[in-house]
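Please read the points below with the model open beside you. They begin with a single side chain, move on to ring pairs and loops, and end with the protein as a whole.

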Amino acid sequence: MLNNIYEIGTIHSKLESKDMDNKLNNDTFIQKIKEIDKGYIVCWLDYAVLFGIVQNGEIKFYNNESPDFNRYLQKLRIFKENEELYIWRSGNKFKFRYREDEVNGGEGDEVEYIDAKQIMYGSNFEDKDDFIEVSEKRGIRYIVPKEFIGNKSIEELNNKTLVLHTRNYISYNKIGQAGFVDSRFLKISVIDNVR
């Protein structure tokens, strides 16, 4: 897993960012969700972190939960391998950043990046229809779409762990110092347990 951990890649990436109104049910939010026709969502609410599926502009959480985003949302990411919509609360407003990496080059600025893999908590898995519950003895518990485990059954997840794949974008300041200026989620997958 540690192979190529600091390998720097180059890609064309389109970036759009904007301040939004203090309500999320505006045209920009709805339109951006529809642009990501198939992907995943993770949102940090005041009281929980929820993972779900985005398909054809609709968001589906476990047990058809329907959180009040305007009241409780701190931030959310709607992502798939080549794009992500990131929305976060800033004071009394929401802001968004939409980034799309062009697989075949072309549009967007050429940027450097480093991909990373982060081990997620949880070693116990329980089937919840289209979702799985992931937990640990120390009290961590969350529910993710079953699509993250691919074609594996719950029984095949013994000695496995979930991994969050992220992309971290690099830029340089006026004196040439490099730093990360943005990051986004790519996917969540399963690997052999490394703990």
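1. K160 is found in strand 12, which runs over residues 160-172; helices (H or I, at least four residues) and strands (E, at least two) are DSSP runs, numbered from the N terminus. Leaving aside neighbours within four places in sequence, K160 is in contact (heavy atoms within 4.5 Å) with F125, K152, V190, I191, D192 and N193.

2. On the basis of these remarks: this is a predicted model, in which local features need pLDDT of at least 70 and side-chain atom pairs count only at pLDDT 80 or more, while totals for chains, interfaces and linings use all residues. Residues are numbered from 1 along each chain as its sequence is written, and side-chain values use heavy atoms, with hydrogens and water left out.

3. The aromatic side chains deserve a separate look. Rings of Phe, Tyr and Trp (its six-membered ring) pair if their centres lie within 6.5 Å, and planes under 30 degrees apart count as stacked, over 60 as edge-to-face and the rest as tilted; by this rule the count comes to eight aromatic pairs. One of them joins F51 and Y142 in a tilted arrangement, with 5.8 Å from centre to centre and 40° between the planes. That pair links distant parts of the chain, since F51 belongs to strand 3 (residues 49-55) and Y142 to strand 11 (residues 141-145), 91 residues apart. F51 counts as buried at 10% relative accessibility, and Y142 counts as buried at 11%.

4. Y62 and F131 form an edge-to-face pair, with centres 5.9 Å apart and 70° between the planes. Y62 lies in the loop between strand 4 (58-61) and helix 2 (69-72), whereas F131 is in strand 10 (residues 131-135), so the pair ties together parts that are 69 residues apart in sequence. For Y62 the relative accessible area is 26%, which makes this residue partly exposed, while F131 is buried at 2%. Ring pairs also link Y40, W44, F79, F148 and F185 into a cluster.

5. Y47 sits in the loop between strand 2 (38-45) and strand 3, and at 45% relative accessibility Y47 counts as partly exposed. Apart from neighbours within four places in sequence, the contacts of Y47 are with E65, P67 and Y72. The C-alpha atoms of Y47 and L73, which are 26 residues apart along the chain, are separated by 9.2 Å.

6. N56, although not a glycine, has a positive phi of about 55°; N56 is placed in the loop between strand 3 and strand 4 and is exposed, with a relative accessible area of 61%. N63, also not a glycine, has a positive phi of about 60°; N63 is found in the loop between strand 4 and helix 2 and counts as exposed at 65% relative accessibility.

7. G150 is found in the loop between strand 11 and strand 12, and is partly exposed, with a relative accessible area of 45%. G150 and K38 are 112 residues apart in sequence and 15 Å apart in space, C-alpha to C-alpha.

8. For the protein as a whole, the secondary structure comes to two helices and 13 strands. Its radius of gyration, taken over C-alpha atoms, is 18 Å, which agrees with the value near 16 Å that a compact globule of 195 residues would have (the globule rule is 2.2 Å times the number of residues to the power 0.38). The C-alpha trace spans about 50 × 45 × 30 Å along its principal axes, and 42% of the 195 residues count as buried. Of the contacts with a separation of 6 or more, 61% come from residues 24 or more positions apart.

Key. Buried means under 20% relative accessible area, exposed over 50%, partly exposed in between (1.4 Å probe, protein chains only).
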